[in-house]
Amino acid sequence: MIAGLIGIVLIMLSDMSIFNTVSKEKTDEYSYDNYVAQLENKCENLIEKIDGAGECDVMITLKNSKENVYAKNSEETQNEGSFSSSYEYVLYKDENGETPAMIKQYYPQVMGVAVVCSGADNATVRESIISLLSSVFDISSSKISVSKSKQ
């Protein structure tokens, strides 16, 4: 019976919002790093499929972190010669209390890409890599660097 009571207490403690908040913050941190790593891995796989590129390593830099846009109610008043506006976020109830309602989420934009590959000494391969990355991330070719790796 004592073991059963201890088990019930542990289950109840694991549902407390303090523990959920800590694990949620760690998940958000990991997901940002995970997002960058996934982008880099996908780029490496694509570039290695280009004829003559060979093995490559990719590093991606981002402009900012992800951005959330929340719903809000706004009110504007205009009197003779004066104007004022105010807003408040739209909230909904969940298991942690009231939370703002998110309507959009923007992922970070790629600022620049560095590629190091064995086939970068070939101008055609280098141009193919730059063209690929420029179109995938919608960035100018000046923000993409392609270099030959050491042998």
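## Ground rules

Two strands pair if DSSP finds at least two bridges between them. Helices (H or I, at least four residues) and strands (E, at least two) are DSSP runs numbered from the N terminus. This is a predicted model, in which local features need pLDDT of at least 70 and side-chain atom pairs count only at pLDDT 80 or more, while totals for chains, interfaces and linings use all residues. Residues are numbered from 1 along each chain as its sequence is written, and side-chain values use heavy atoms, with hydrogens and water left out.

## Strands

Let's start with the hairpin: strand 3 and strand 4 form it with two residues between them, and Gly-81 in the turn has a positive phi of about 80°. Strand 3 (residues 72-79) pairs with strand 4 (residues 82-89) in the antiparallel sense over eight bridges, and Asn-73 stands opposite Glu-88.

There is also an open sheet of three strands, in the order 1-8-9 with mixed pairing. Its edge strands are strand 1 (56-62) and strand 9 (144-148). Strand 8 (residues 110-117) pairs with strand 9 in the parallel sense over five bridges; here Val-113 has Ile-144 as its bridge partner.

## Aromatic rings

Rings of Phe, Tyr and Trp (its six-membered ring) pair if their centres lie within 6.5 Å; planes under 30 degrees apart count as stacked, over 60 as edge-to-face and the rest as tilted. By this rule there are three aromatic pairs. The rings of Tyr-35 and Tyr-107 have centres 5.3 Å apart and planes at 25°, so this pair is stacked. For Tyr-70 and Tyr-89, the centres are 6.3 Å apart and the planes at 90°, so that pair is edge-to-face. Tyr-70, Tyr-87 and Tyr-89 form one aromatic cluster.
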